[in-house]
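User: I am new to this structure and would like a close look at a single residue. Please start there, and then connect that part to other features of the chain.

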Amino acid sequence: MEGSPQPVPWRKIKRWMCIHCGFCCSEYDVPVTLNDEVRLRKYGNVFKRGKIGLYLRKKKGKCVFRGKGGCKIYDERPMACKKYPFYIMRQGDQDSLFIYNGKVYHVFLDARCSGLGKGDDVEEEIRKLLRDLKDSQLTGCLQVRKKQSP
């Protein structure tokens, strides 16, 4: 299962930061939202059509924006890149449970990310991610469910 994410509940991870290793740039095809497409069009022919949408092109097995110094567009990278290595799901257990603004999320991180165990408090990183994402992105892309009444 080399190519599949290895989800670990967020409570089992204390720290995370992007170390710009490039793993996600080569391991995954990067889906592009409509907003991403509009914003990144200025770079020319950087998109490819996939079976279920638009993706960033790859060059020599890596994202077209991956350079020797890391991501050339890090500050304006696509939403999928901003979300990695976080996976927000509808279901999980107590270790994955995360409540934010009255909504229930189940948050996992990909164990293959080299930034696990480094950097900032993972709970704060999840809060920042959820704050930055719009409800429409959470509902469609990240699979959120509302907190259920007892």
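**A close look at one residue**

In this predicted model, H106 counts as buried at a relative accessibility of 5%, where buried means under 20% relative accessible area, exposed means over 50%, and partly exposed lies in between (1.4 Å probe, protein chains only). H106 sits in strand 11, which covers residues 103-110; strands here are DSSP runs of E with at least two residues, and helices are runs of H or I with at least four, both numbered from the N terminus.

The side chain of H106 has two polar partners to look for in the view. One is the side chain of S96, with which H106 makes a polar contact at 2.7 Å, and the other is the backbone oxygen of D93, which the side chain of H106 reaches at 3.5 Å. A polar contact is a pair of N or O atoms within 3.5 Å; within protein, one must be able to donate a hydrogen and the other to accept it, and residues adjacent in sequence count only if both atoms are side-chain atoms.

Because the model is predicted, local features need pLDDT of at least 70 and side-chain atom pairs count only at pLDDT 80 or more, whereas totals for chains, interfaces and linings use all residues.

Of the contacts in the chain with a separation of 6 or more, 68% are between residues 24 or more positions apart, a contact being heavy atoms within 4.5 Å.

A salt bridge is a side-chain nitrogen of Lys or Arg within 4 Å of a carboxyl oxygen of Asp or Glu, and the structure holds 11 of them. One of them joins D29 and K48, with the closest N and O atoms 3.7 Å apart; since D29 lies in the loop between helix 1 and helix 2 (34-40) and K48 lies in strand 3 (residues 47-50), this pair ties together parts that are 19 residues apart in sequence. D29 is partly exposed at 43% relative accessibility, and K48 is partly exposed at 31%.

In helix 4 (residues 122-132), E123 and R127 are 4 residues apart, about one helical turn, and form a salt bridge whose closest N and O atoms are 2.8 Å apart. R127 also forms a salt bridge with E124, at 3.5 Å between the closest N and O atoms. R127 is partly exposed, with a relative accessible area of 30%.

The backbone holds some further details for a careful reader. Most residues other than glycine have a negative phi, and most peptide bonds are trans. H20, in the loop between strand 2 (15-16) and helix 1 (23-27), has a positive phi of about 60° although it is not a glycine. A cis peptide bond, with omega about 10°, joins Y84 and P85, and P85 lies in the loop between helix 3 (79-83) and strand 9 (86-89).

Conventions. Residues numbered from 1 in each chain as written. Heavy atoms only, no water.
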